[in-house]
Amino acid sequence: FSKSRVVWDSSQSSGINAEYGEKSQKQRIDEVQAGGGISNRDTLNSALKVEKEVKKGNKGPWTTEEQKLLEESLKKYPASQGPGRWDDIAAHVGTRSKKDCMKRYKDLVEQIKAKKAKQ
């Protein structure tokens with residue numbers, strides 16, 4: 001038995017907020033079920049959990065476009081630029097925070113090192 005993972009993006013989250021406002025999770029579930037919307041409580045709970053993660057900044061996997069923008073910005077803003085570099089990189093990517101960009105860079109460096117170590 002395995003659970004499937006719901007993939008959610010910020011545009012879907014804003015749709016939920018637009019429709020339901022800042023109501024509690026229980027209020028949202030009750031209203032959706034009463035109105036004939038999502039009938040499966042687990043599905044709506046999963047969607048609401050993902051929405052909370054998006055609000056916290058956990059946006060899920062990086063898209064190809066975000067990766068491309070990160071790579072461009074790493075070339076455009078060299079390490080010699082100093083401490084403001086990561087702010088500029090995050091601004092260039094546009095959809096990720098400074099912290100997200102730094103973590104992605106660190107993860108990519110680790111992946112490259114691991115791959116080279118195997119060779």
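The side chains of E66 and R96 meet in a salt bridge, with 3.0 Å from N to O, where a salt bridge is a side-chain nitrogen of Lys or Arg within 4 Å of a carboxyl oxygen of Asp or Glu. This pair links distant parts of the chain, since E66 sits in helix α4 and R96 in the loop between α5 and α6, 30 residues apart. The model is a predicted one, in which local features need pLDDT of at least 70 and side-chain atom pairs count only at pLDDT 80 or more, while totals for chains, interfaces and linings use all residues. Residues are numbered from 1 along each chain as its sequence is written, and side-chain values use heavy atoms, with hydrogens and water left out.

**Overall make-up**

- The secondary structure of the protein chain comes to six helices and zero strands, where helices (H or I, at least four residues) and strands (E, at least two) are DSSP runs numbered from the N terminus.
- Read along the sequence, the chain follows the pattern α-α-α-α-α-α.
- Of the 119 residues in the protein chain, 24% are buried, where buried means under 20% relative accessible area, exposed means over 50% and partly exposed lies in between, with a 1.4 Å probe and protein chains only.
- Among the contacts in the protein chain with a separation of 6 or more, 39% are between residues 24 or more positions apart, a contact being heavy atoms within 4.5 Å.

**Helix α5 against helix α6**

- Two packed helices are described by the angle between their axes and the distance between the axes.
- The axes of helix α5 (residues 85-93) and helix α6 (residues 98-118) come within 8 Å and cross at roughly 100°; axes are lines fitted to C-alpha atoms, for helices over the stretch in contact, and angles run from 0 to 180 degrees between N-to-C directions.
- On the α5 side the contact is made by W86, D87, I89, A90 and V93, and on the α6 side by K98, C101, M102 and Y105.
- By class, this contact of α5 with α6 has seven nonpolar, no polar and two charged residues, where Ala, Val, Leu, Ile, Met, Phe, Trp, Tyr, Cys and Pro count as nonpolar, Asp, Glu, Lys and Arg as charged, and the others, Gly among them, as polar.

**Helix α4 against helix α6**

- Helix α4 (residues 64-76) packs with α6 at an angle of about 85°, the axes being 11 Å apart, and α4 and α6 are therefore roughly perpendicular to each other.
- The residues that meet are Q67, L70 and L74 in α4 and C101, R104, Y105 and L108 in α6.
- By class, the contact of α4 with α6 has five nonpolar, one polar and one charged residues.

**The buried face of α5**

- In α5, the residues R85, W86, I89, A90 and V93 are buried.
- Seen down the axis of α5, these buried residues fall within an arc of 130°, so they line one face of the helix; the arc is that of the directions from the helix axis to the C-beta atoms.
- What covers the buried residues of α5 includes α4 and α6.
- Just after α5, G94 takes a positive phi of about 85°.

**Salt bridges**

- The structure holds three salt bridges, one of them being the pair of E66 and R96, and both E66 and R96 are buried.
- K98 forms a salt bridge with D87, the closest N and O atoms being 3.9 Å apart, and this pair links K98 in helix α6 with D87 in helix α5, eleven residues apart.
- K98 counts as partly exposed at 34% relative accessibility, and D87 counts as partly exposed at 43%.
- D107 forms a salt bridge with K103, the closest N and O atoms being 3.0 Å apart; being four residues apart in helix α6, D107 and K103 are separated by about one helical turn.
- D107 counts as partly exposed at 31% relative accessibility, whereas K103 is exposed, with a relative accessible area of 51%.

- Y105 lies in helix α6 and counts as partly exposed at 34% relative accessibility.
- Not counting residues up to four places away in sequence, Y105 touches L74 and W86.
- Y105 and Q67 are 38 residues apart in sequence and 9.9 Å apart in space, C-alpha to C-alpha.
- P78 is placed in the loop between α4 and α5 and is partly exposed, with a relative accessible area of 37%.
- P78 and I89 are eleven residues apart in sequence and 9.8 Å apart in space, C-alpha to C-alpha.

Definitions and conventions: Parallel < 35°, antiparallel > 145°, perpendicular 65-115°, else oblique.
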